[in-house]
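This report describes selected features of a protein structure: a pocket, a set of paired strands and several aromatic contacts. The sequence and structure are shown first.

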Amino acid sequence: MLKAFAIQTENRIASLALGGIMVLPLAEIASRRLFGTAITGSGPLAANLTLWLGMLGAAIAARDGKLLTLATAEFLPKGPVSAVAHVVSGAIGALICTILALGGAALVRSDRMAGDHVTAGLATWVADLALPIGFGLIALRLVWRASPLWYGRAVALVGIVAGVLLNQHRAILENQSVLPWFGMVIVAGVLGAPIFALLGGIALFASLTQGSPPIVLAIMAYQELTTSTGIAAIPLFTFAGFLMAEGQSSERLLRLFRAWVGWAPGGTAIAAATLCAFFTLFTGGSGVTILVLGGLLLPALMGDGYRERFSIGLLTASGSLGLLFPLSLPLMLYGIVSQKASIEDLFIGGLLPGLLMLGLLAMLGVREGLLTRAERRPFRLSEALWALWEAKWELFLPVFVLGAFLGGVATLVESAPLAALYALIMQRYIHRDLPAWKDVLRVAADCVALVGGVLLILAVAAGLTDYLVYTEVPTRLVEWSQTHIHSRLVFLLALNVFLLLVGTVMDIFSAIVVVVPLILPLAEVYGIDYVHLGIIFVANLELGFLHPPLGLNLLLASVRFKKPVLEVTWATLPMLGILAIGVLLITYVPWLTLGLLHWLGRGQ
Amino acid sequence: MSALKRWLVALPLVVAPALLLAAGGPIKLATLAPAGTTWHKALLDMGNTWKNDTAGRVTLTVYAGGTQGDESTIIKKMRPETDQLQASFLTAAGLAELDESFNIFALPFFFESDAEEMAVEKKLTPILEQKLQAKGYHLLSWGTGGWVQVFSKKPLRTLADVKKAKLFTSKGAEKWVDWYVKNGFQPVALLPADIPTQMKLNPGLMDTAPIPPYLALSLQLYKDAKYMLDLHVAPLTGALIISTAAWNRIGAEDRPKVTAAAQALEKRVRAEAPALDATSVKSMTERGLQVITLDAKAAAEFRAAANQLTSTMRGSMVPAEVFDMAVQERDALRKSKSK
């Protein structure tokens, strides 16, 4: 009873923060339209709410065991081996998290002494509290979930104690080799510690061994989640996606795409891929598409006579297909992180490459359709028009969002709350797929847990980036490659391989935060357009989602379709192959990206 | 604890500071000035001078282009409990986070010329040095980034025109937004990254942006904002500061050398900034930018109204005593010139 209440309270607070970052910018847009001016303090307030949303959401994800992990732990044999792995990874994760929490506490003290304010009436140190509270809760929960047995938990608790001690005596780490610590962190990651602990642990031990205190990581986490207003777009677009995923939106869209392309060989396959691309726009490639749509699309495909293996492969590959189209979160994040390419140019640049990837998958669909003589539906204009009418609200969402931007009502980042509001009104009042506010809160709580996991990774990834820049890795990388790589083509090939590796081990958001600053100076040296670089980046990472053994989509599809990872991997191989051709085309034919931009008189 | 153990624990405490004193230590400096710009090069050269003049006891690493975070992050990293960065080259906006007195340099239409800015800078240096000292920082030298000008999509000729324009203001600078609103402007709080985008859109959220010419050139703003009101809005004053802790680590014999090189940097950017402004404006006019210069009468009207405006900042944006000192110094210079 008490536990249920505590859980609900925690969910409500985080959902409230989500509501706040949605309402504040909307109020600002309204005030600008009505009174021609902004509302004082709303910007910084919304930004700090994003920090709280991220940390509390992550704590909720930790509570529910929803923090993203590597796929490797799936391969461990069940039984005692996996039980021990759980305890070990839990203890090491808790150790890392404890030191991060103490770094957060140090930031609270530091900002308190400096007497800084976020905005009138809100001291910075109060906002900072999100860090020690969030990391602290996560550490405790990692211990709790390390084992169902009290004995196991007691062992995992050692992690927290060790964290406190290590933080106190961190001077002993200075100028020591970092390798054993990296080894420990990587082992924990392989055994199933969350990805944020892996990235955070690497950043932490790298910093500690060269004498930087953990407060630096807290400073970077704070900056990452508060100063860039673009970050707030991630939870809001995800919320829009979650709202649409509830109820009948996906059915309506599937019916629409089928009605229009179902007559063609492979029609249902094409419709399924297009639908996945449309959804991924909003969920940002965190793999939600597979979880949400898998249950609808697999039976639809198999019902029309497609083979199971093909269907699973197609859906696994489609799960990250939308990332190159306008409104894609990774493209926005690249624009924000790089500060060199405008987000609109990225959206325009991504159009043809996105269509290319979709087209390549569609070709596989057509081939499969012809081979298996899967069912084709005759084209009926009345059905096509009716389906279009039925899905008009869903289809209008991207139009609405882009219209608000192009019409000078909101910036692109501000359009995220508009999208969330639109989806909310559509699902709550127009389609009534969410009959009561209670349902909206449930969706919000689900969304907050997922988003918290992503924001947490971004927050610690910022610390890792900071360490790399601080130790001048980008500069050295430029020097090294200038002496070793003399042609642009070789550089691009090396970039492809490197990004594919990154894409297999890192999620797309942290990959962008950590790797983009490393690559930017190199791109400048080799004369690669920043928009083109962004598209290459996202296309490669998209491919990384499917790459064995660690691709995230493989794992999620395995969970969703209840098939072993190896079987899913096998099923996805043809798609991986054809999309790899797409990535190479995108990399070596810059026209695909830049042609449209130049035609419109944009770009550099 | 045995005597040996106690000794072992105490040893690093005694030896480390002594070593640091001797070393002066590596100085890590962060700035928002982009890599490859005049300011970045000047900082790198200053680092070389430090190294040579102190026989390698003081070395400098420069992180340009905001790679160490925005200015408030940079300041957090300079605090003694963090000590990740020891120095920074900050804009007036960043310095104002340490002490509001620095806002004096960012007031729109307060200064008319470099001479006025420098006179006020000189006058205020002792008091600002003190204020920085109280926060744990040491002022090494001043710097400048040229003058902010008004770039707009529509031609602006009077203060009334400027008030009617949708004026870019930095998101997060709440006090400034408030001030603009109270004085009849129409500020739109956005991110600097939004400027080129919104200028391209029709209608965009904003149509007028006060920014330095070199930035307008590199952002290719002149393509969309075809007009520049040549009415020096404000100087882009900056300062080179070092944390007191790091300053104290530098040996007494090296400190004058470090200061001398920093002041050489100040002199250099002072000389280079106006030239950079001029060449930037020139290459933009060659590509279609129209520069609007006010005739004497219109300019005088503008200034009179602007004086009225800036006086409302006394006490709210800038501490009254600092504001008064600045006005006194500036007006004295104006008077002596008009004679």
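A pocket is here an open set of grid points where a 1.4 Å probe fits, with protein on both sides within 12 Å along at least five of seven lines, and its volume is the space filled by probe spheres set on the points. The model under discussion is predicted.

**The second largest pocket**

The second largest pocket holds about 1,200 Å³ of space. It is lined by 41 residues, of which Gly65(A), Lys66(A), Leu67(A), Leu68(A) and Thr69(A) are the closest to its centre. Several helices of chain A supply at least two lining residues each, including helix H2 (42-63), helix H3 (80-114), helix H13 (288-303) and helix H20 (437-470). Among these contributors, H3(A) provides the largest share, with five residues. By residue class, the lining comprises 25 nonpolar, nine polar and seven charged residues.

Strand S8 (residues 227-243) of chain B has 14 of its 17 residues buried, so the rest of the structure largely encloses it. The pairings of this strand are set out below.

| Strand paired with S8(B) | Sense | Bridges |
|---|---|---|
| S3(B), residues 87-91 | antiparallel | five |
| S4(B) | antiparallel | 12 |
| S9(B), residues 290-292 | parallel | three |

Individual residues can be assigned to each of these pairings. Thr91(B) stands opposite Gly238(B) in S8(B), while Ser152(B) has Tyr227(B) of S8(B) as its bridge partner.

Lys226(B) belongs to the loop between helix H9 (213-218) and S8 of chain B. With a relative accessible area of 42%, Lys226(B) is partly exposed. The C-alpha atoms of Lys226(B) and Ser152(B) are 6.5 Å apart in space, although the two residues are 74 apart in sequence.

Over all chains, 22 aromatic pairs are counted, with ring centres required to lie within 6.5 Å. In the pair of Phe102(B) and Trp142(B), the ring centres are 6.2 Å apart and the planes meet at 50°, so the arrangement is tilted. Phe102(B) is located in the loop between helix H4 (92-98) and helix H5 (114-135) of chain B, and Trp142(B) in strand S4 (residues 137-152) of chain B, so their contact ties together parts that are 40 residues apart in sequence. Both partners are buried: the relative accessible area is 0% for Phe102(B) and 5% for Trp142(B).

A second pair, Tyr180(B) with Phe185(B), is edge-to-face, with 5.2 Å from centre to centre and 80° between the planes. Tyr180(B) is buried at a relative accessible area of 10%, and Phe185(B) is buried at 6%.

Ring pairs also build a cluster in chain B, which links Phe102(B), Phe105(B), Phe110(B), Phe111(B), Trp142(B) and Phe323(B). The tilted pair of Phe102(B) and Trp142(B) thus has both of its members in this cluster.

**Charges over rings**

Arg153(A) lies over the face of Trp144(A), 3.6 Å from the ring centre. Likewise, the charged end of Lys392(A) is placed over the ring of Trp389(A), at 4.0 Å from its centre.

Definitions and conventions:
Residues are numbered from 1 along each chain as its sequence is written. Chains are lettered from A and ligands numbered from 1 in the order in which they are written. This is a predicted model: local features need pLDDT of at least 70, side-chain atom pairs count only at pLDDT 80 or more; totals for chains, interfaces and linings use all residues. Side-chain values use heavy atoms; hydrogens and water are left out. Rings of Phe, Tyr and Trp (its six-membered ring) pair if their centres lie within 6.5 Å; planes under 30 degrees apart count as stacked, over 60 as edge-to-face and the rest as tilted. Helices (H or I, at least four residues) and strands (E, at least two) are DSSP runs, numbered from the N terminus. Buried means under 20% relative accessible area, exposed over 50%, partly exposed in between (1.4 Å probe, protein chains only). A charge sits over a ring if NZ of Lys or CZ of Arg is within 6 Å of the ring centre and within 35 degrees of the ring normal. Two strands pair if DSSP finds at least two bridges between them. On a 1 Å grid over the protein atoms alone, a cavity is a set of points where a 1.4 Å probe fits but cannot get out, and a pocket is an open set with protein on both sides within 12 Å along at least five of seven lines; lining residues have an atom within 4 Å of a point. Ala, Val, Leu, Ile, Met, Phe, Trp, Tyr, Cys and Pro count as nonpolar, Asp, Glu, Lys and Arg as charged, and the others, Gly among them, as polar.
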